[in-house]
Each structure stands twice: as C-alpha cells, then as structure tokens.
Amino acid sequence: MNYYLVPFIFIGLIILISAFFVVKQQTAAIIERFGKFHSIRQSGLQLKIPLVDRIAGRLSLKIQQLDVIIETKTLDDVFVRLKVSVQYKVIRDKVYDAFYKLDYPHDQITSYVFDVVRAEVPKMKLDDVFVKKDDIALAVKAELNDAMSDYGFDIIKTLVTDIDPDAQVKQAMNRINASEREKIAAQFEGDAQRILIVEKAKAEAESKRLQGQGIADQRREIARGLEESVEVLNRVGINSQEASALIVVTQHYDTLQSLGEETNSNLILLPNAPQAGSNMLNDMVASFAASNQIGEAMKNAKKKNE
C-alpha cells in the first residue's frame, strides 16, 4: 500500500463530507456559487458542490420579536416613554429579499417605529395615550407592513406594552387620583352622617309622639280614676269638694311615701304639711269660681252691648 495516498484519501473524504449539510426546521439556507446567489434550501439534509458552493447565511422563519423604546412628548407637553413590541417573521417566498435587500432589519424596523410613534403621540394628551394605545399600535403595524413587505418581512402584530410618563407626572397623577377618592369618600361619609341624623331625628320624633300618647293616656286614666273615686265617695254621703280634698291629701301622702322609698333621690317637695294639699285645693276652687264669675260678667256685658 502506498502511504503517500493516505493524505489525498483523507482530504477527499473531508471534501465529500463537506458536500452534505443539514438545515434545521423553520430555517432557510442561502447557497452562493462563486459568490453569486444560487439557491435557497429548506429544512432537511441538503447537498452542495464542495469548493464551489457555500452557505452564505441562514434565516429563521420563526416569529421574532423586537422591543423598541421611544421617548416622546404628548400634546399637553408631558414626556413619556413607550415600549413597542413588534412581532415579525421572514416570508417564506421572499427569503431572497429578506437576506439581500437589508443588512440590519432590526434597525430598519426601529426607524419606522420611531417615525410613526413620534408622529402620532404628539397629537394626543397623556390620558388619551393610555386610552388609545391600540390605535398607536395599529398605526405602527400599518406603516411597517407597507414598508417591510418589500423587503420580505411580514409584520404579525405590534403592541404598546408599556407607557411610562415622567416620575413627577406619575406622582401628580397619583395625588389627583388620591384627592378624587378622598373627595368621594368624604361625600359618602357626609351622606352616611346625614342619613344617621335623619333617622335619629325620626326615632326621637316617634319616641316623643309615643311618650306624649302615653302621658295623654295616663292623664285620661287618672281623670277616669278620680271620677270613679268621687262617685264612690258621693254614695257614702261625702260631697264633691270634700271628696276632692280627700283625694288630694291621699295623693300627697302617696307621693311622700314614694319619695321615701328612693334612697338615692335628691328631689325636695315643698311644702309637705298635710294642710298644704287642702290649701292648694281651696285655691284651685277659688280660681275656678272667680273665672266663672268673670265669664258670666263678660256674657252679660256682651248681651247689653247687643
């Protein structure tokens, strides 16, 4: 065996092995022949001419995401940072355009996102930026689709994932929100106190009404009892005036007895002599008689005038 042939055999095996290559799933390989584009190879085991063909590059056909952070100013002169996430992929039929027309697709996409966002956000107030973030995302997607489709890229979706105003603006917004909530809480507390006062007044009014009704019933029963007592005394030969005096004296001593039973009572009843009740009754009878005489005199005077 000629040992000088071994190196050539070894080199030949290497060249033969290098003719085969593998392309992964969801990947496209670009083959150039002598520096010129030759073909695009899809996933699987592929074959190329050694020393003639070379793999110029590989492109992923998976959906990729690019996060772009933009700082811009709103219509009410508030600086805000937005994070726009762009989901895109290489169109399978336009791998050639995606590989040869753009060197840095990320930079191209970033430039378009900056252009659209800085054109849309300055037209809105800060509150509208939060509300209309989907409109901003749709505007970015429409602009990117028109621009990047010629380069072999398909924009799947754009999302405004973060809106971050200046720290002082956020603190001011938090204070405004807190003030609004405190105002609402104060209104609810005031309404609750007003309802409590109204209900308390209604309860007191109902209590007074029932108390007055109870006092009226009590006085009615007392009058009925006095009437029955006078009738009983009249049956045994005691006239009405004597019966009234007897009842007044009896009530007087009953009151003294009730006061004596209360150890912690600080009520002083004056006068407390037995004849005081009789004197009070005489005064009442005299007053009634005087009022009757005055009434009769007024009636007679009216008749004379007529």
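This is a predicted model: local features need pLDDT of at least 70, side-chain atom pairs count only at pLDDT 80 or more; totals for chains, interfaces and linings use all residues.
**Strands β1 and β4**

- The pairing of β1 with β4 is antiparallel and runs over 4 bridges.
- Val22 has Leu45 as its bridge partner in β4.
- Gln46 also belongs to β4, which spans residues 44-47.
- With a relative accessible area of 18%, Gln46 is buried, because the cut-off for buried is under 20%.
- Leaving aside residues up to four places away in sequence, Gln46 touches Ala19, Phe20, Phe21, Val23 and Arg41.
- A polar atom of the Gln46 side chain sits 3.1 Å from the backbone oxygen of Gln42.

**Helix α3**

- Helix α3 (residues 105-120) has 16 residues, which at 1.5 Å a residue should span 22 Å; the end C-alpha atoms are 23 Å apart, in agreement with that.
- Its buried residues are Pro105, Ile109, Val113, Val116 and Val117.
- These residues cover an arc of only 95° around the axis, so they sit on the same side of α3.
- The cover over the buried residues of α3 includes β6 (64-73), β7 (79-90), α5 (133-148) and β8 (153-165).
- Val117 is in contact with Ile70, Thr72, Val84, Pro122, Ile136 and Val140, again not counting residues up to four places away in sequence.

**The largest nonpolar core**

- This core has 34 residues, and those touching the most other members are Leu82, Ile109, Val113, Val117, Ile136 and Leu144.
- At least two core residues come from each of β2 (27-33), β6, β7, α2 (95-100), α3, α4 (126-131), α5 and β8.
- The biggest contribution is from β7, with 6 residues.

- Most residues other than glycine have a negative phi.
- Gln26 is not a glycine, yet its phi is positive, at about 60°.
- You will find Gln26 in the loop between β1 and β2, where it is partly exposed at 28% relative accessible area.
- Phe34, also not a glycine, has a positive phi of about 55°.
- Phe34 lies in the loop between β2 and β3 (36-41).
- Its relative accessibility of 68% means that Phe34 counts as exposed, because the cut-off for exposed is over 50%.

Conventions: Residues are numbered from 1 along each chain as its sequence is written. Side-chain values use heavy atoms; hydrogens and water are left out. Buried means under 20% relative accessible area, exposed over 50%, partly exposed in between (1.4 Å probe, protein chains only). A polar contact is a pair of N or O atoms within 3.5 Å; within protein, one must be able to donate a hydrogen and the other to accept it, and residues adjacent in sequence count only if both atoms are side-chain atoms. Contact means heavy atoms within 4.5 Å. The expected span of a helix is 1.5 Å times one less than its number of residues. The arc is that of the directions from the helix axis to the C-beta atoms. A nonpolar core is a set of buried Ala, Val, Leu, Ile, Met, Phe, Trp, Tyr and Cys residues joined through side-chain atoms within 4.5 Å. Two strands pair if DSSP finds at least two bridges between them.
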